[in-house]
2 protein chains.
Amino acid sequence: MNPTIETILNHRSIRTFTEKKITSEDLQLILKAACNGSTMGNMQLFSIIVTQDKEMMQKMAPAHFNQPIATNAPLILTFCADFHRFNKYCEYRGAETEAYSNLQAYQWAVTDALIAAQNACVAAESLGLGLCWLGTITFNVDKFVEILQLPKHVVPVACIAIGHPANTPELTTKIASTKHTLKKKHILIQLLFLKKINFQI
Amino acid sequence: MNPTIETILNHRSIRTFTEKKITSEDLQLILKAACNGSTMGNMQLFSIIVTQDKEMMQKMAPAHFNQPIATNAPLILTFCADFHRFNKYCEYRGAETEAYSNLQAYQWAVTDALIAAQNACVAAESLGLGLCWLGTITFNVDKFVEILQLPKHVVPVACIAIGHPANTPELTTKIASTKHTLKKKHILIQLLFLKKINFQI
């Protein structure tokens, strides 16, 4: 097994970090990796907000339901679906932007942002760092927009807390990949596995 | 630079493949990697449809606007946001599912599916394979649902064509990661770079 697949298969969410900061070199590599994924028509419809400042983390904490990781992590990356930059580019080139004012275009920007986010995660883990996605971002989008002073057409869709792991939790029980995949006739697989699986929710 | 970050930074879309098939071993590794990412509350709200059958590719081709890659690739992976399985699980446990009948929950499933998709991409590229996202999936979701016989609450959100690269295109010009990231005061960066960047759309 190659080191990349090994990194991916060793993934587990890390919720406790040591005091150690993320080096500037590691941060730059993570951001470069984030920005090198596929994007819709190379439109690059995303932005990343880098938070290392504890004061800003404190401001965001209530919108993250005050979970400790939101302030204890040395680094928080917030990934935004971003049509603001692209629309500005269109204006600059005298092009119309109406075609992008719909849910389909929003989906493109969400996709670009999430590709970037997962690239950042794999890169961070390859550097020995640990991370956890903060799903709380989806509960309080309006508050994050306000706190982060985001302009129109910039929507936070993913938030990752990153740091040096303080522990190594057991791997989570996952549905086997064979149960996630549908073959040949493309009819949804039976749900027989439900009795066996140990769902941890 | 470690091999994982090297893999990510060497990413470019591959649209022409050799005749060589994907080995079963490689496919299993790609699917395992896809299924090992973070997921919302470990709900694992996604499914992957594996298409290697040319007849099925031909059926999907018109919905992919007949782009050659949709039939020339040896492997097409279609990633679906999937609340069908989880709802079945809830029913089986006698739990209500109404709380998930909204756009926020849909966003969770989209996120789970896209994390899985990008993990698959990084894994495939680490194995020397090439790939291209088919954004066409977002144009004809209803048709793909019909062709793939997907039940309610299963929505295709990403489609990746994978194969052995027949060429090595130049790396695409990307916005520098420093232009994607916002720091300190979290105010959107100036758009001065627009005059310099060579957007390729």
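**Helix packing and the A–B interface**

Q: Is the crossing of α2(A) past α6(A) left-handed or right-handed?
A: First, the ground rules: this is a predicted model, where local features need pLDDT of at least 70, side-chain atom pairs count only at pLDDT 80 or more, and totals for chains, interfaces and linings use all residues. Residues are numbered from 1 along each chain as its sequence is written, while chains are lettered from A and ligands numbered from 1 in the order in which they are written. A crossing is left-handed if the near helix is turned anticlockwise from the far one by less than a right angle, and right-handed if clockwise. By that rule, α2(A) passes α6(A) in a crossing that is right-handed.

Q: At roughly what angle do the axes of helix α2 and helix α6 of chain A cross?
A: Helices (H or I, at least four residues) and strands (E, at least two) are DSSP runs, numbered from the N terminus. Axes are lines fitted to C-alpha atoms, for helices over the stretch in contact, and angles run from 0 to 180 degrees between N-to-C directions. The axes of α2 (residues 24–34) and α6 (residues 103–126) of chain A come within 7 Å, and they cross at roughly 140 degrees.

Q: How many nonpolar residues are there in the contact of α2(A) with α6(A)?
A: Two residues are in contact if their C-beta atoms, placed from the backbone, lie within 7 Å. Here α2(A) brings Leu29(A), Ile30(A), Ala33(A) and Ala34(A), and α6(A) brings Ala116(A), Asn119(A), Ala120(A), Ala123(A) and Ala124(A). Ala, Val, Leu, Ile, Met, Phe, Trp, Tyr, Cys and Pro count as nonpolar, Asp, Glu, Lys and Arg as charged, and the others, Gly among them, as polar. The contact of α2(A) with α6(A) has no charged residues and one polar, while its nonpolar residues number eight.

Q: What pattern does chain A follow along the sequence?
A: Chain A has eight helices and five strands. For burial, a residue is buried if 20 or more other C-beta atoms lie within 10 Å of its own, exposed if 12 or fewer, and partly exposed in between, with C-beta atoms placed from the backbone; of the 201 residues of chain A, 46% count as buried. Of the contacts in chain A with a separation of 6 or more, 82% join residues 24 or more positions apart. Read along the sequence, the pattern of chain A is α-α-β-α-α-β-α-α-β-α-β-α-β.

Q: Which element gives the most to the side of chain B that touches chain A?
A: In this interface, 71 residues of chain B are in contact with 71 residues of chain A. The chain B side divides into 36 nonpolar, 28 polar and seven charged residues. The copies meet through the same surface, because 100% of the interface residues of chain B are also interface residues in chain A. The element that gives the most, with 12 residues, is α6(B).

Q: Which residue of β4(B) is the bridge partner of Trp133(B)?
A: Strand β3 (residues 130–133) of chain B is covered on both faces, with Gly130(B) and Cys132(B) buried on one side and Leu131(B) and Trp133(B) buried on the other. Two strands pair if DSSP finds at least two bridges between them; β3(B) and β4(B) (residues 154–163) pair in the antiparallel sense over four bridges. The partner of Trp133(B) in β4(B) is Ile160(B).

Q: Which residue with a positive phi follows α5(B)?
A: In α5(B), His84(B), Arg85(B) and Phe86(B) are buried. The buried residues of α5(B) pack against β2 (75–82) and β4 of chain B. After α5(B) comes a residue with a positive phi near 70 degrees, Gly94(B).

Q: Is Phe65(A) buried or exposed?
A: Most residues other than glycine have a negative phi, and most peptide bonds are trans. Phe65(A) has a positive phi, near 55 degrees, without being a glycine, and sits in the loop between α3 (54–60) and α4 (69–72) of chain A. Because 11 other C-beta atoms lie within 10 Å, Phe65(A) is exposed.
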